[in-house]
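User: Could you walk me through this one, starting with how the helices pack and then moving on to the strands?
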Amino acid sequence: MNMLLKRLFIFGLSFLPVLCTFAQSQDQTLYFKNPAKNFTESLPIGNGRLGAMIFGSTNRDRLVLNEKSLWSGGMQDADREDANQYLEQIQNLLLEGKNKEAQDLLQANFVSKGVGSGYGTGANEHYGAYQTLGDLWITWKDTLSEVNNYSRTLNLEEAIASVSWTRGGNQISQEFYSSIPDQVIVIRYQSNQPNGLNFSVRLSRKENATVKIEGKDQLLMVGQLPNKDLPGMKFASIVQVIAPNGKISQNENQLTVSNANETYLIITAATDYNLQDPNSRAGDPLQLVKSRIGSFQKDGAKERHLKSYQAWYQRNSLKMGTQNSEVENLSTPERLLRYSQGGKDAQLPVLYYNFGKYLLISSSQPGELPSNLQGIWAQEYQTPWNGDYHIDINVQMNYWLAEPMGYGDLAEPLHRFTYNLMENGAKTAKAYYNAPGWVAHVISNPWLYTSPGEGASWGSTMTGGAWMTEHIWEHFRYTGDTVFLQEYYPVLKGASEFLAAVLIREPKNGYYVTAPSNSPENSYLMPNGFRGFTTMGPTIDMQIARELFGNTIQAAKILQVDQDLVNNLEEKRANLAPNTIGAKGDLNEWLEDWEDAEPQHRHVSHLYGLHPYDEITPWNTPELAEAVKKTLAIRGDDGTGWSRAWKINFWARLGDGNHALILLKKLLEPVGDDGEKIVMHKGGTYSNLFCAHPPFQIDGNFGGTVGIIEMLFQSHGKEETIRLLPALPEDSDWQSGSMKGMHARGGFVVDFSWENGKVSSGKITSNLGKSCSFLLPNGMKIQDSKGNLIVANTGSRPEIFNFQTQAGSFYQLLR
């Protein structure tokens, strides 16, 4: 027995399987009583790059494997170099009210050269698609006996999935985790019987790969995806089987473990994608996976995993004071069903919150690509919508929770990705608009696609890239990091230069507007009956332009640069088309008060100014806030999963916790798996808590999580006032609880507790030493760490107080 196996054997003796009746942690554990029948019942693990879905079958088990950068396709020139020759014609037609003619001309001459991008058929095109790495199959022997005591769980505090059962007196337990520090997936099997583990291991992929046995104990998969008619990305994966006291044998392309009581599978994978320069290739992925497997040390691996993961996970917490004993032994799908039928379950929203932060940590780590439409978890070879980066809300929603949870460093992939779009975006800006700066439209991919989509109905939204810049400015608002701002200022500047250059004056009021553009994926009805998509000055564009110009102006002043640009942006910003209220009392989505072709459309883009931007608030713009409420009433509470999630945030920003809770409950409505069928109105939550568009889309998970934050904690608005319990529902389950480690704009970290629906105590830590604006509940005071009184609210209602803080100091919130 070599030294590694000796260490494994000794290490394993201290971890004998323990099986018992399962009593779940209501807010920290996903629990199933049966193996997964499909993908949306399986349990996700991930380390930001390597992912797996755990099915937990007792006969023929399946793990769906993923590597985040595994994409077909490659770099492409999708720009139409002569498109800018048609720009003035399209704009003039729009100015003349000839929207149909403008849209037809745009479709003929102003879309991309590529195919398959936005329509989700890119797998075999240059645009490409995110693809599954493949499947790991575990075929158990001796499966005729009855299975008892089955349990399948995901512990969110530890990022460990577990499966256990008993068969004929043989107690089987399994543990699965994806290690951030070791960059491998670790699976550990144990039996209470000396020869109780007997199974075969097989690695498969349906196309573009070969699998063989390497040595005596490894499965090796190598492959290359297509870039349409060219060779594309290379990839490799290794599964190492370690059975310290069992036998490993080979049979064709599978390994068989016999007569073991402990076995480990170590999995790693890599591609030759080059994050620094996607136009070139990185090193040989085969050599990389061999190196990772060769250097992996099993001793202490679980401890390394826990230390790394929990350093992220424990940064913040949400607790609810109520425990519902009725759900203690219910599975997660049983809890979802019961909750949808009106059953009390105070910890289910907390579980959803914790699952959201688990998914972010597990799908987005610094130095990697951003989390895509499915995070990192996909079983398809042609993923829905290519599993790409939709930049008209979806990838942005993936990162809304990062800053308030204190995970700004986990948003680094999005910041870097946005920065990297500038080069291609500058080419696209020249090709279509003959403009300076850079632009990205609606969709993108690891190849940094910035061209319009191939359809006029959705592909010409011109503010997707500008929207992404919001996350750069928000990171600065939370951290005050001027080094970061200096590095990323060119992104803001370039996006502003582009928008400022393409604005035109509309004839009715002389406002600056964008043209041509879309209000993402939605359509209008003109008085003449034309149903159109192409337009000028949709409300979301004007809101994004105001935000971007304002952010760039502030950044330039902080960095003391570009005064001429500041002057130009200030003039343009002051004359952008404003938010307007229509005849129905709702906020207009279009420059004119046109009817919506789909009044209940899933996108509510014109409420961008309410969330995530903050130019509309109940306290500063009450008339617009009322118009927003009317808009939401017309849109309704249904929609796709991510749409319902966004509406939670809208109602929370409006201070209506009861309606926010209605939307949260609608988001948590159980949805049965229906394969890959795309549904645009019936969203909800799958059994494994994945958000159902349908199909699975991870943005709704993140949007729903930040919606819970917005209900309990806010710091937006011009004054960046910290507000505790701004939209607390009246529901009894929500009347006591606590939040810790919540980050506020201005560089503050806040802990607080509440009882009987009122804040009872708290702590404010100042990282930057800035002035703090705080909505202080009546009957409460703030004192410094030495007990000196800072401010007190002796009135009968909450009141805003401003007080100067010192960097590194904390302040107590007391009654």
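Analyst: This is a predicted model. Before the helices, one definition: axes are lines fitted to C-alpha atoms, for helices over the stretch in contact, and angles run from 0 to 180 degrees between N-to-C directions.

User: OK, at what angle do H10 and H12 cross?
Analyst: Helix H10 (residues 464-479) and helix H12 (residues 539-559) cross at roughly 40 degrees, and their axes come within 10 Å. That makes H10 oblique to H12, because angles under 35 degrees count as roughly parallel and those from 65 to 115 as roughly perpendicular. The crossing in which H10 passes H12 is left-handed.

User: Which residues meet there?
Analyst: From H10, Ala466, Trp467, Thr469, Glu470, Trp473 and Phe476 take part, and they meet Ile540, Ile544, Glu547, Leu548, Asn551, Gln554, Ala555 and Ile558 in H12. By type, the residues of this contact of H10 with H12 divide into 9 nonpolar, 3 polar and 2 charged.

User: Switching to strands, what is the order in the open sheet of 7?
Analyst: The order is E2-E3-E4-E5-E10-E15-E14, with antiparallel pairing. Strand E2 (43-46) and E14 are the edge strands, each pairing on one side only, and neighbouring strands of this sheet are turned by 20 degrees against each other on average, direction ignored.

User: What does Leu255 in E15 pair with?
Analyst: Gln250 stands opposite Leu255, and Val201 also has Leu255 as its bridge partner. Strand E15 (residues 254-260) is joined antiparallel over 5 bridges to strand E14 (residues 247-251), and 5 bridges also join strand E10 (residues 197-204) to E15, again antiparallel.

User: And which residue has a positive phi in the E14-E15 hairpin?
Analyst: Glu252 does, with a phi near 55 degrees, in a hairpin that has 2 residues between the strands.

Note on methods
Residues numbered from 1 in each chain as written. Predicted model: local features only at pLDDT ≥ 70, side-chain atom pairs only at ≥ 80, totals over all residues. Heavy atoms only, no water. Pairing = 2+ DSSP bridges. Helix = DSSP H or I, 4+ residues; strand = E, 2+ residues; numbered from the N terminus. Parallel < 35°, antiparallel > 145°, perpendicular 65-115°, else oblique. Left-handed = near helix turned anticlockwise from the far one by under 90°. Contact = heavy atoms within 4.5 Å. Nonpolar A, V, L, I, M, F, W, Y, C, P; charged D, E, K, R; others polar.
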